[in-house]
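Reader: I have a structure to go through with you. Can we take it piece by piece?

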Amino acid sequence: MKNILIALCALLISYSASAQYDPAFRFGIKAGANLSNINGSNDLSLNSGGNAFDFKDNDNRSLGFVGGVFFRFGKNAYIQPEFLLSQKGGRFNVYEDGVQNSDGKVDVRFSNLDVPILFGVRIAKFFRINVGPMASLRLNSNGKLGDSFDDVTGGNSEAEFKNRLAYGYQAGVGLDFGRLSLDVRYEGNFTDVVKINFNNATTASQFGKKSNLFQATLGFAIL
C-alpha cells in the first residue's frame, strides 16, 4: 500500500510539473497513423489483345505509420514545421471486360518524407487549430500497379511513376497536455502523387491521381 501511495504521489508531482510546461518554443517527437486513399476524376481503361481492362478507384483506405519531429515557435499564435516519415497508399479495383479479374484489387503503397509548415492559433490553454502547406517527397514506389499493367499488356506497358515531389496541405485540431500533444488532421494534394507514363500522353493524363488522408498523432515535447 505504501509503495502504491508513493507511486501515485510521484505521478501527481510529474503531472503537475508537466502541466506548468508552456514555453514559447517546443521541439519534440511524434508518431501515429495515416488512413490514406488515392483517387482521381478519371479511371484508366486499357485494351490488350481485344480485352478491355479497367483500373477504377476503390474507396477503402490504407493504414500506414507516420512519425518524426516537430518544432513550434510561439504560444497563442505559432508556426510549426515538421519532418515526418509517412506511409501512404490506396487501392484500385481491376476489371477485365467488365468483370473483376482474379487479382481483384491492386494495393499501392509509398514511403514519403513529408514537410508540413503549419500556422496555428491556440484557443484557451489546451485547444489548437492549424492549417498550412506541405511538400511530400516519395522515397520509394510500390511496383504492384506497374506489375498489374504488365500483366494485362503482356509486359509492354513501360509504366513508371512520375511526380516524385507533390504539394498539398494539412488542416486540423490539436490538444496540449503539458509536454504531450494529440493532433488530428486532414491532408489533401494540389498536385498528382501518382501519374503514369504509359505509351501515350492521353493515357498518362487519364491516370493522374491525388492522395488524401486522415492522420492522428501523439507527440512529446523534449524541449
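Predicted model: local features only at pLDDT ≥ 70, side-chain atom pairs only at ≥ 80, totals over all residues.

Reader: Which ring does Phe126 pair with, and how are the planes set?

Author: Phe126 pairs with Phe177. The ring centres are 6.1 Å apart and the planes are at 25°, so the pair counts as stacked.

Reader: Where in the chain do those two sit?

Author: Phe126 is in the loop between β6 and β7, while Phe177 belongs to strand β8, 51 residues apart. Phe177 is partly exposed too, at 41% relative accessibility.

Reader: What about Tyr169 and Phe190?

Author: Their centres are 5.3 Å apart with planes at 40°, so that pair is tilted. Tyr169 lies in strand β8 and Phe190 in the loop between β9 and β10. Ring pairs also join Tyr169 and Phe190 with Tyr186 and Phe214 in a cluster.

Reader: Different topic. Which residues form the largest nonpolar core?

Author: Six of them: Ile38, Phe92, Val94, Val106, Val108 and Phe110. Strand β6 gives the largest share, three residues, and β5 supplies at least two.

Reader: Which ring does Arg179 lie over?

Author: The face of Tyr21, at 4.2 Å from the ring centre. Arg72 lies over the face of Tyr78, at 5.1 Å.

Conventions. Residues numbered from 1 in each chain as written. Heavy atoms only, no water. Core = buried A, V, L, I, M, F, W, Y, C linked by side-chain atoms within 4.5 Å. Buried < 20%, exposed > 50% of the residue type's maximum accessible area, 1.4 Å probe, protein only. Helix = DSSP H or I, 4+ residues; strand = E, 2+ residues; numbered from the N terminus. Phe/Tyr/Trp six-rings, centres within 6.5 Å; stacked < 30°, edge-to-face > 60°. Lys NZ or Arg CZ within 6 Å of the ring centre and 35° of its normal.
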